[in-house]
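Me: I would like to learn how to read the features of a model like this one, step by step. Could you take me through it, giving the general idea wherever there is one and then the case at hand?

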Amino acid sequence: MRQMNEIIDAVLNYHPEAEVGIIYDAYLYSAKAHRGQSRQSGEAYLSHPVEVAYNLTRLKMDEKTVAAGLLHDTIEDTLATPEEIEELFGEEVYRLVDGVTKIGQVSFASREEKQAENYRKMILAMAKDIRVVMIKMADRAHNLHTLKSVSSEQQRRVAKETLEIYAPIANRLGIGWLKAELEDGSFKYLHPEKYQSIKSRMAQGEEETKNLLNTITDEMKKELKAANMEGLVSGRSKHIYSIYKKMINQEIDLDDVYDLIGMRVITDTVKNCYALLGLVHSLWRPIPGKFKDYIAMPKPNFYQSLHTTVSGPNGQRVEVQIRSHEMHRVAEEGIAAHWQYKEGEQSKNVDDHLSWVRHMLEDQKDIKNPKDFLSSLKVDLYFKEVYVFTPEGDVVPLPREATPVDFAYQVHTDIGHHCLGAKVNGKMVPLRCKLKNGDQVEILTSKLKFPSRDWLAFVKTSKARGKIANFINSREREKCLDLGRQILEAEIRKYGFNPTDTLKGKPLEEAVNACGFTSLDSLLTSIGYGKTSVHPVVDKLLPKDSLQEAKKVAADVKLSKKPRARGTGRGLKVKSFDGNMMIRIGKCCNPVPGDPIAGYITRGRGVSVHSKDCPSLIALANEAERILDVEWDETRTHPFQTQIAIVTDDKPGLLAKISNAVAGCDVNIIRANVKQGPLQRAYFDLSVEINDLDHLNRTLAEIRRVSGVIHAERVKEYGKRLGRLKPSNELESLSGGKEAGIN
């Protein structure tokens with residue numbers, strides 16, 4: 001186990017004025033709290049918090065953060081209490097320990113939900129104090145080194161989480177060495193065979209690689225001396241996971257990865273960085289398209305450097321990085337390069353460095369679904385960026401494949417909300433076009449333009465997605481609130497009451513609560529969405545005696561009227577909802593009893609019922625929370641409308657024969673259209689009322705028995721009749737026939 005003196009010496013090396021007594025106290029407390037506990041490897045548990053504390057010194061953390069690292073598991077895994085930690089070590093250390101404590105005492109519906117809530121807490125803590133996530137990173141780095149002692153399932157779960165969440169956070173914070181360590185450690189367990197294969201093949205060429213590195217660095221040093229320029233030259237091999245990503249992205253084998261090695265030149269000024277670039281390109285031929293200027297356009301994590309790939313000795317590709325001493329310090333230490341341990345100062349760059357955390361927190365605060373939250377979080381962390389420009393020349397970093405809509409919301413929410421069109425490099429482009437590095441983007445706006453739900457299909461940033469969804473949902477809630485109020489007021493008037501007098505006071509409050517709502521607006525919105533029937537609301541809201549009398553009068557009036565031939569939604573049951581919910585049959589597919597069906601909660605029109613294979617329903621797969629289980633009510637019998645298409649010989653009397661066959665099946669024809677076509681064919685389009693699928697199939701069988709009928713089938717696509725409908729290949733030749741309506 002690592003010795004405490006090693007940790008203390010490391011802290012005093014970068015922070016000579018540190019009060020290291022708190023670190024000793026935290027060590028003694030942690031040793032006492034974890035006494036008798038062992039890790040799955042068999043080591044004393046204390047070895048873990050000590051290694052975490054050492055990792056924090058590698059990140060150049062202050063003494064209170066190192067102390068919190070020693071204590072980070074005490075609340076969760078020992079009898080230590082939050083009150084005791086705060087009393088002994090102060091509020092600041094307690095807050096850090098609490099920030100990294102997992103949410104273990106709360107019950108969640110799924111692992112995914114628990115994981116999402118843990119990440120939410122971590123991001124919130126990051127926004128308040130970045131040191132929380134530094135402890136989490138130090139903890140995860142050591143856990144990766146001890147994964148061999150746990151089950152293969154746990155190895156893969158921890159490695160996957162590290163690769164998807166923690167390594168990208170390290171990258172966002174600009175801590176390059178930690179990112180590489182987390183990536184290689186995760187890759188080792190996620191793809192052990194591929195990891196060992198790359199490692200072995202790199203080891204086989206280790207001597208050759210070493211010789212090549214010595215050759216190019218020596219040659220570079222000579223050129224620097226000859227040019228009388230300052231520069232520290234070093235060579236390195238790329239880490240294993242970065243090589244694997246290159247193989248995957250370029251779909252190549254390891255033998256085809258040419259730039260396995262890199263050279264770094266560190267100089268004194270930005271001016272000399274560009275001068276050195278010219279020197280490198282004069283020494284070795286640059287590879288076209290392999291130059292990136294991160295000095296002029298820094299990465300979002302503040303990384304700055306010049307990158308170029310050249311064809312070195314023997315045609316071997318070499319990636320060369322050129323940067324200043326300060327750029328190198330930021331590249332190696334990331335956010336830790338901006339810590340200042342004097343008089344409580346904190347560099348402004350630390351706040352700038354964390355702006356992405358606050359933006360991420362703002363963008364994701366309204367995302368409730370755990371799956372959506374995790375997806376959004378990963379999008380925000382994986383910033384494989386493109387750099388585009390505003391018309392004024394400002395640089396805006398965006399994810400790859402981002403669109404003008406993403407750009408608009410990145411600039412300002414109002415610009416996104418009123419985005420009418422976009423110009424890229426001076427030319428009008430579709431809003432869904434993918435932006436490329438160096439594009440200049442201009443957004444055209446209009447106060448009359450608002451976000452479209454279609455935008456959600458192509459935007460890439462969580463900010464754009466969240467703002468669009470919130471705007472649409474807000475507008476729809478307003479519409480449904482207004483519609484719900486209209487529906488309830490109309491129902492109240494129907495029974496002879498004044499809505500203004502009825503919708504106020506204690507009776508209203510009691511009715512709202514009895515229906516399971518906390519406010520009138522939430523009840524009205526639910527009515528507008530079609531989730532709640534208005535009838536039970538009226539039953540609870542109006543005086544029972546007056547309501548019964550009004551219902552009796554209404555029933556008498558209803559009996560005096562001629563019943564309608566068909567109703568909408570009768571013969572259907574929606575599971576988990578009352579029987580008075582508004583239900584309507586989707587006209588796009590016109591399902592009938594016997595068809596597999598599902599319901600969809602519409603905006604203000606109740607539940608729309610469709611066949612399960614209906615394209616309209618399939619297109620709504622991304623709104624699964626609004627899909628309902630619906631079943632046919634076999635206790636009710638009621639005719640349902642459907643369409644039948646028929647192809648016949650063009651002979652007199654066929655319409656009468658078909659009508660007789662349909663009538664013989666006890667089927668009512670609502671509407672019939674006939675169209676004459678070429679090849680002596682006639683095309684019939686019938687709207688009929690049937691009881692169920694069996695009834696329809698019997699009717700079709702009788703129609704097909706009629707002499708002269710060539711083809712007959714049910715039509716599910718509403719509106720595609722006659723010449724536009726093609727029930728068989730024989731209709732392909734239909735063109736320009738004479739149409740007649742027959743009643």
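Me: How many bridges join strand E6 to strand E7, and in which sense do the two strands run?

Reply: Please keep in mind throughout that this is a predicted model. Strand E6 (residues 385-389) and strand E7 (residues 395-399) run antiparallel and are joined by 5 bridges. Within that pairing, Val386 has Leu398 of E7 as its bridge partner. The hairpin formed by E6 and E7 has 5 residues between the strands, and there Gly393 adopts a positive phi near 95 degrees.

Me: Turning to sheets, what is the order of the strands in the open sheet of 3 strands?

Reply: The general idea to hold on to is that side chains in a regular strand alternate between the two faces of the sheet. Here the order is E9-E8-E10, and the pairing is antiparallel. Strand E9 (427-429) and strand E10 (441-445) are the edge strands, each of them pairing on one side only, and the twist from one strand to the next averages 35 degrees. Between strand E8 (residues 419-424) and E10 there are 5 bridges in the antiparallel sense, and Lys423 stands opposite Glu442 in E10. Helix H19 (residues 404-411) packs on this sheet, where it touches E8, E9 and E10, and its direction makes about 80 degrees with that of E10.

Me: Which strands are at the edges of the open sheet with 4 strands?

Reply: That sheet has the order E12-E14-E13-E15 with mixed pairing, and its edge strands are strand E12 (583-585) and strand E15 (627-628), each pairing on one side only. Strand E13 (residues 597-601) pairs with E15 in the antiparallel sense over 2 bridges, and Tyr600 has Ile627 in E15 as its bridge partner.

Me: At what angle do helix H2 and H4 pack, and how far apart are their axes?

Reply: In general, two packed helices are described by the angle between their axes and by the distance between the axes. For helix H2 (residues 21-33) and H4 the angle is about 5 degrees, and the axes lie 9 Å apart. Angles under 35 degrees count as roughly parallel, which means that H2 is roughly parallel to H4. The residues of this contact divide into 9 nonpolar, 1 polar and 2 charged. On the H2 side they are Ile22, Ile23, Ala26, Tyr27, Tyr29 and Ser30, which meet Glu63, Lys64, Val66, Ala67, Leu70 and Leu71 in H4.

Me: Where does His72 lie, and is His72 buried or exposed?

Reply: His72 lies in the loop between helix H4 (63-71) and helix H5 (74-77). Its relative accessible area is 3%, and since buried means under 20%, His72 is classed as buried. The side chain of His72 reaches the backbone oxygen of Gly69 at 2.6 Å, and it also makes a polar contact with the side chain of Asp139 at 3.3 Å. Not counting residues up to four places away in sequence, His72 touches His48, Pro49, Val52, Val97, Val100, Thr101, Ile135 and Asp139.

Me: How far apart are Ser38 and His48 in sequence and in space?

Reply: Ser38 and His48 are 10 residues apart in sequence, while their C-alpha atoms are 9.7 Å apart in space. Ser38 is found in the loop between H2 and helix H3 (47-58), and, leaving aside neighbours within four places in sequence, Ser38 is in contact with Glu43 and Tyr45.

Definitions and conventions. Residues numbered from 1 in each chain as written. Predicted model: local features only at pLDDT ≥ 70, side-chain atom pairs only at ≥ 80, totals over all residues. Heavy atoms only, no water. Buried < 20%, exposed > 50% of the residue type's maximum accessible area, 1.4 Å probe, protein only. Polar contact = N/O pair within 3.5 Å; in protein donor to acceptor, adjacent residues only side chain to side chain. Contact = heavy atoms within 4.5 Å. Axes fitted to C-alpha atoms, helices over the stretch in contact; angles between N-to-C directions. Parallel < 35°, antiparallel > 145°, perpendicular 65-115°, else oblique. Nonpolar A, V, L, I, M, F, W, Y, C, P; charged D, E, K, R; others polar. Pairing = 2+ DSSP bridges.
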